[in-house]
Amino acid sequence: MERGLPISWKLKKKVKEALAKERGTVYKDHGGKVRVCLIYPNSYSLGMTNLGFQTVYHLFNSLDGCVAERAFLPGKEEIEEFARTSTSLFSYESQTPLREFDILAFSIPFEDDYTNIPKILDLAGVPVLSGERTGFRPLVAAGGVAVSLNPEPLAELMDFFLIGEGEGALAPVIDIFRDANEKGLSKKETLKGLDSVPWAYVPSFYQYVFDGARIKEVRVEAGAKEKVTALKDFNLDKYPVPQNFIMTPDTEFKDTFLIEVERGCGRGCRFCAAGFLYLPPRWRDIDNVKEAVKTGLDGSGKVGLVGTAVSEYPQIIDTIEFGVEREGEVTLSSLRMDRLDGNLLGLLKKSGYKTITLAPEAGSERMRAVVNKGMSNDDILASIRLIKEAGFLKLKLYFLIGLPSEEDSDAEAIVGLTKDMKSVLEKGEITLSINPFIPKPFTPFQWQAFEDPSVIDRRLSIIQKGFSKVNGVNVKALSSREAFIQAYIGRADRRAGPLIIEASSKGWSRVIKKNSGLLNQSVYMERAREERLPWDMIDHGVKKPYLWKEYQKGLEGRLTAPCDVGSCFRCGVCLPEYFNYEN
Ligand code: SF4
């Protein structure tokens, strides 16, 4: 859709009102700089709550030769106003139309937001398909967890992807773009330059041949690299805790100062994409964390400790104590049951915590062994006793259904275990969050088929009926239909691109109906061991044979010990040369 230059005063006013409420916004002169518009493919409030989005905004702006502004998916009413006034989507900071930027960079944590990307490009007057954008600018790129797991569903929409973690990833990209601009290179020549960056993936350099739902062959363009090496740094302290996030009252965390204390989880839960993607577990130095807590509490009185598995941070007690001593509020993004003790719970209570959120994942001990969450029912009930003694009355519990080798009796076990927890707790309220298991790339279960929705629905109904006469237990669930879409998109090949574009305007129901053959085949297919998977061109460090071994161990219900960083080298991420054996 070709759009004109007028900007609706109403839309501009709304953006300016949002900017007026922000603290920490970066305003940079555009002159002589590579201009990046960083886009969150959902609302302003969700984007500003996202740590990854905020981090990348500051990483771009920390580069002298680059200016980054932000854009989001406008609300429904605003989209109507864009259409009514022929306004082209514009950035927040300088209200510049998106198509005038050099690079449009999407930061995408969740696959659910893929259908918002065509809407945003359309509102910006930028062709949705990479092949239709023949000019040098804007290049359209994506990064973030979702595309680092599997970029292929967006392969036809994006010119390039940045795979892995953001720190250190951006400077070479900006340099290559500036150089290409100065030399007057074409888009294709620029993409060739970008392909020299190990963590950049240029999808148009790869041609796929399919056989039904499977990949038969991949032809790599001459000169392009065969493997994309995801970027990750073993030393989190190389990058200081960002002190300059934009604070705004329009977000979930409002005035919370977020501190990433650790990255990666060494517990090896076999369904968990974040767990495997961010290996190895890495921790920030406690002195740096305390410094950040002090800054956060001085500024806003409230800090949020975040990470892949925050309660695994070895100095978590020290950190919370440090905050509580300064009469600040300290929150944690997640807790592991086997890390709970009276001391930690007491501190959480003092720091203003109200609800304890735990993830037993499965109701039976057998299923917990399948997913490598080796806690006995007795261990779990002992944790609940501690929670009760600390005076908490609200529990939120996460469970998965439709796991490999699961039976109806395992759903009944979720009811049984929750009732036992309720009896221990006596008073108070338990909320169960039930999610269908979705096999994810780069996990041991990446080969597994998605469970038949009728089976998922039956197990959900066992759980719901189990609590129909129980007071104080609420059950919330993601529908099997929504999970089906996520299961398709998460592991799809590049043929998903046109379906995402169609679904963005017409909805998924129609797309699923029209393409049921391919979708069903892809979602319900168990992949073969040696089969080429759509994300196999990426190397995150964890070796495929290790994941297969873990898959088989899971099916046999055998546990794997947690990471032992520095002396364990089994999965391939940690290499002996990273560690100094003399110390
Ligand atoms: S090599 Fe061992 S310690 Fe390192 S990430 Fe893999 S499992 Fe964990």
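Q: What makes two strands a pair?
A: Two strands pair if DSSP finds at least two bridges between them. The model here is a predicted one.

Q: How do you know that β15 and β16 pair?
A: The rule asks for at least two bridges. β15 and strand β16 (residues 394-401) have five, in the parallel sense. The pairing therefore counts. Within it, T357 stands opposite K396 in β16.

Q: What makes β16 and β17 partners?
A: Eight bridges join β16 and β17, and the sense is parallel. At least two are needed, so the two strands pair. F399 stands opposite I434 in β17.

Q: How do you know that β17 pairs with β18?
A: Strand β17 (residues 429-436) and β18 run parallel and share five bridges. With at least two required, they therefore count as paired. L432 has V475 as its bridge partner in β18.

Q: In what order do the strands of this open sheet of four stand?
A: The order is β15-β16-β17-β18, and the pairing is parallel.

Q: Why are β15 and β18 called edge strands?
A: β15 (355-361) and β18 (473-477) each have a single partner strand, so one side of each has no neighbour in the sheet. Neighbouring strands in this sheet are turned by 20 degrees against each other on average, direction ignored.

Q: What makes the β-α-β unit of β16, α15 and β17 right-handed?
A: The test is the path from the first strand over the helix to the second, with the strands pointing away from the viewer: right-handed means clockwise. β16, helix α15 (residues 408-425) and β17 make a right-handed unit, so their path runs clockwise in that view.

Q: Which other β-α-β unit involves β13 and β14?
A: β13, helix α11 (residues 316-325) and β14 make a right-handed one. Strand β13 (residues 302-306) and β14 pair in the parallel sense over four bridges. V330 in β14 is the bridge partner of V303.

Q: Which residues lie on the covered face of β14, and which on the uncovered one?
A: In strand β14 (residues 329-332), V330 and L332 are on the covered face. E329 and T331 are on the uncovered face. In a regular strand the side chains alternate between the two faces of the sheet.

Q: In what order do the strands of the open sheet of six stand?
A: The order is β2-β1-β3-β4-β5-β6, with mixed pairing. The edge strands are β2 (66-72) and β6 (200-201), each pairing on one side only.

Q: How do you know that β3 and β4 pair?
A: Five bridges join strand β3 (residues 103-107) to strand β4 (residues 139-143), and the two run parallel. At least two bridges make a pair, so this one qualifies. L104 stands opposite V140 in β4.

Q: Why is helix α5 called mostly covered?
A: Six of the eight residues of helix α5 (residues 116-123) are buried. They are N116, I117, P118, I120, L121 and L123. What covers them includes β1, β2, α4 (76-84), β3, β4 and α18 (496-506).

Q: Is A155 buried or exposed, and how do you know?
A: Buried means under 20% relative accessible area. A155 has 6% relative accessibility, so A155 counts as buried. A155 lies in the loop between α6 (145-149) and β5 (160-162). Leaving aside neighbours within four places in sequence, A155 is in contact with F161, P203 and R494.

Q: Is Q95 buried or exposed?
A: Q95 has a relative accessible area of 10%, under the 20% limit, so Q95 is buried. Q95 lies in the loop between α4 and β3. Q95 has a positive phi of about 50 degrees although it is not a glycine.

Q: Is E426 buried or exposed?
A: Exposed means over 50%. E426 has 54% relative accessibility, so E426 counts as exposed. E426 is in the loop between α15 and β17. E426 has a positive phi of about 60 degrees, although it is not a glycine.

Q: Which classes make up the shell around the ligand?
A: The shell has eight nonpolar, no polar and two charged residues. Among the residues around the ligand are D564, R570, L279 and P280. Asp and Arg count as charged, so D564 and R570 fall in that class. A cis peptide bond joins L279 and P280, with omega about 0 degrees.

Definitions and conventions
Residues numbered from 1 in each chain as written. Predicted model: local features only at pLDDT ≥ 70, side-chain atom pairs only at ≥ 80, totals over all residues. Heavy atoms only, no water. Near = heavy atom within 4 Å. Buried < 20%, exposed > 50% of the residue type's maximum accessible area, 1.4 Å probe, protein only. Axes fitted to C-alpha atoms, helices over the stretch in contact; angles between N-to-C directions. Contact = heavy atoms within 4.5 Å.
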